[in-house]
Amino acid sequence: MEEKRQGLSSFALKRVAVISMIIDHVGSIFIRGMLEPLKVDGVIGVGPGSPQWVRWAFLGREVCEILGSIAFPIFCFLMAEGFIHTRDRKKYTLRMLLFALLSEVPFDLAHYHTFFRLSLQNVMFTLTVSLLTLMALDWAERRAGESKGLYWALTAVITAAGMTLAYLIRGEYVFLGVLTVALLYLLRDKGKLRLLSLVPLLVASPWILLAVPFLLAYNGSRGKGSKWFFYVFYPVHFLALVALAQLAAGLVTA
């Protein structure tokens, strides 16, 4: 039986990340979809004559974007932790890839109103490439042995290759996600300094720093929860938000 510890377990962190992700997508999918009927010349804007509820909707989108910035840094951290502690790294990676494929249609419906589009892929593709990169980094550690020069050369080449693959696939956060997960793995023995790995994500948003207090509260335990919940919830929540956005848009135009 796992001993209770003060702080947040990995499952508790995952719950925080999921709540943050939902908030983010409420803004980017539901509120955006609700405002879609008000689009003029392809643009949704707020003008002097805009109803008060539209102004509140735009403010809500901004708040959702800020609070939604907490999710991805935590997911990156959990990827590195999951890779370190999982009993079967190949199954872990294949499971992520499977649900990346299953989530792509719901993702495209939510963001592009079409069943398939190559502009940007869902975040699970980024996380899958990150796990592949970590598998290669683990091989490099064993291959290099006591040779520090060889180790750092292989590490640099592998990380660059992972970032390039992520860029070509164009998953969310592209190469920034892979770089962050790789750094979290490479600095796994550096204590709190490990969180400096999040610096690359500041390019995407300064609000990712809101995730730091939660990560500092991590107690190193697994906690209680279902490992399958997020995999199933991720594609399903896209479909739910699309349906709710369409319903809200219908009420706006009624």
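Ser20 sits in helix α1, which spans residues 10–35. The model is predicted. Ser20 is buried, because its relative accessible area of 3% falls under the 20% cut-off. Two other sites follow: Asn122, in a loop, and Lys91, in helix α4.

**Ser20 and its polar contacts**
- The side chain of Ser20 reaches a backbone oxygen, that of Gly68, at 3.3 Å.
- A polar atom of the Ser20 side chain also lies 3.5 Å from the backbone nitrogen of Ile70.
- Ser20 itself belongs to helix α1, and its side chain contacts the backbone of Gly68 and of Ile70.

**Asn122 in the loop**
- Asn122 is placed in the loop between α4 and α5, where α5 covers residues 123–144.
- Asn122 is buried, because its relative accessible area is 0% and the limit for buried is under 20%.
- The Asn122 side chain reaches the backbone nitrogen of Met124 at 2.9 Å.

- Lys91 lies in helix α4, residues 89–112.
- Lys91 is exposed, because its relative accessible area of 56% is over the 50% cut-off.
- Arg87, Lys91, Arg222 and Lys227 form a positive surface patch.

- Ser20 is buried at 3% relative accessible area.
- Asn122 is buried at 0%.
- Lys91, a member of the positive patch, is exposed at 56%.

Terms used: Residues numbered from 1 in each chain as written. Predicted model: local features only at pLDDT ≥ 70, side-chain atom pairs only at ≥ 80, totals over all residues. Heavy atoms only, no water. Patch = residues over 30% accessible without salt bridge, like charges linked within 9 Å, V, L, I, M, F, W, Y side chains within 5 Å. Areas by Shrake-Rupley, 256 points an atom, 1.4 Å probe, with all protein chains shown as cover. Salt bridge = Lys/Arg side-chain N within 4 Å of Asp/Glu carboxyl O. Lys, Arg positive; Asp, Glu negative; His and termini not counted. Charge placed at Lys NZ, Arg CZ, Asp CG, Glu CD. Helix = DSSP H or I, 4+ residues; strand = E, 2+ residues; numbered from the N terminus. Buried < 20%, exposed > 50% of the residue type's maximum accessible area, 1.4 Å probe, protein only. Polar contact = N/O pair within 3.5 Å; in protein donor to acceptor, adjacent residues only side chain to side chain.
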